[in-house]
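Work through the exercises below with the sequence and the model side by side, and try each task before reading its solution.

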Amino acid sequence: MSTPFTPSRPPYRINIKRGRPVMGATGAGDFLRSNDKISPLLPTIQRHLSLQKDCGAILPPIFDTCEVMQLADGLLTLSAPNAALATKLKQQCPKLLSSLQERGWQINAVRIKVQVKRVVEKAPPVKQLALSGKALQAFSTLEQNLENTSQNTDLLAALSRLLERHQHPKK
């Protein structure tokens, strides 16, 4: 009896233009490096990430929700999620500008744009845990047999709340 023919695939892909193996991308950086059309973006992405990190180090409490949008011709453009934060950030621009210049960035001006992002609230997770009758009985026994001391007050209260929350509806 003959077996059906199954072509064997090499463990790598072949780049048709260059005729050499292309390694599979294991992460975003590897993907960017392996793709001929996207790889020129990698230095810009790395520069923006480095600039984002430096800005975050200079302005930690304010810069948490702000992002680097663009750096071109000595003009740094930052995004802020609302006008109030943009105003606070604008007050910090001289400090930010001088600190970035000390770190070697060639920046002459900082511009701030308000970029309101649509916030989608996630629905609260549905409670999926259901304690069995044996588990409820064990917690009930523990609650009844635990000494009523000052050290055990919080534990007793927690056990009581747990039992109230998981009691089966009476029929």
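A salt bridge is taken here as a side-chain nitrogen of Lys or Arg within 4 Å of a carboxyl oxygen of Asp or Glu. The model is predicted, so local features need a pLDDT of at least 70 and side-chain atom pairs count only at pLDDT 80 or more, while totals for chains, interfaces and linings use all residues. Residues are numbered from 1 along each chain as its sequence is written, and side-chain values use heavy atoms, with hydrogens and water left out.

**Exercise 1. Find the salt bridge and state which parts of the chain it ties together.**

Step 1. The structure holds one salt bridge, in which the side chains of Asp54 and Arg103 meet at 3.2 Å, N to O.

Step 2. Asp54 belongs to helix α2 (residues 42-58) and Arg103 to the loop between α5 (93-102) and β5 (109-114), so the pair ties together parts that are 49 residues apart in sequence. Helices (H or I, at least four residues) and strands (E, at least two) are DSSP runs, numbered from the N terminus.

Step 3. For burial, the cut-offs are under 20% relative accessible area for buried, over 50% for exposed, and partly exposed in between (1.4 Å probe, protein chains only). Asp54, at 15%, counts as buried, whereas Arg103, at 44%, is partly exposed.

**Exercise 2. Describe the two sides of helix α4 and its N-terminal end.**

Step 1. In α4 (residues 83-91), Leu85, Ala86 and Leu89 are buried. They cover an arc of only 105° around the axis, which puts them on the same side of α4; the arc is that of the directions from the helix axis to the C-beta atoms.

Step 2. Ala84, Lys90 and Gln91 are exposed on the other side of α4.

Step 3. The buried residues of α4 pack against α3 (60-63), β4 (75-80), α5 and β5, where contact means heavy atoms within 4.5 Å.

Step 4. At the N-terminal end, α4 is capped by Asn82, with a side-chain oxygen 3.3 Å from the backbone nitrogen of Ala84.

Methods: A polar contact is a pair of N or O atoms within 3.5 Å; within protein, one must be able to donate a hydrogen and the other to accept it, and residues adjacent in sequence count only if both atoms are side-chain atoms.
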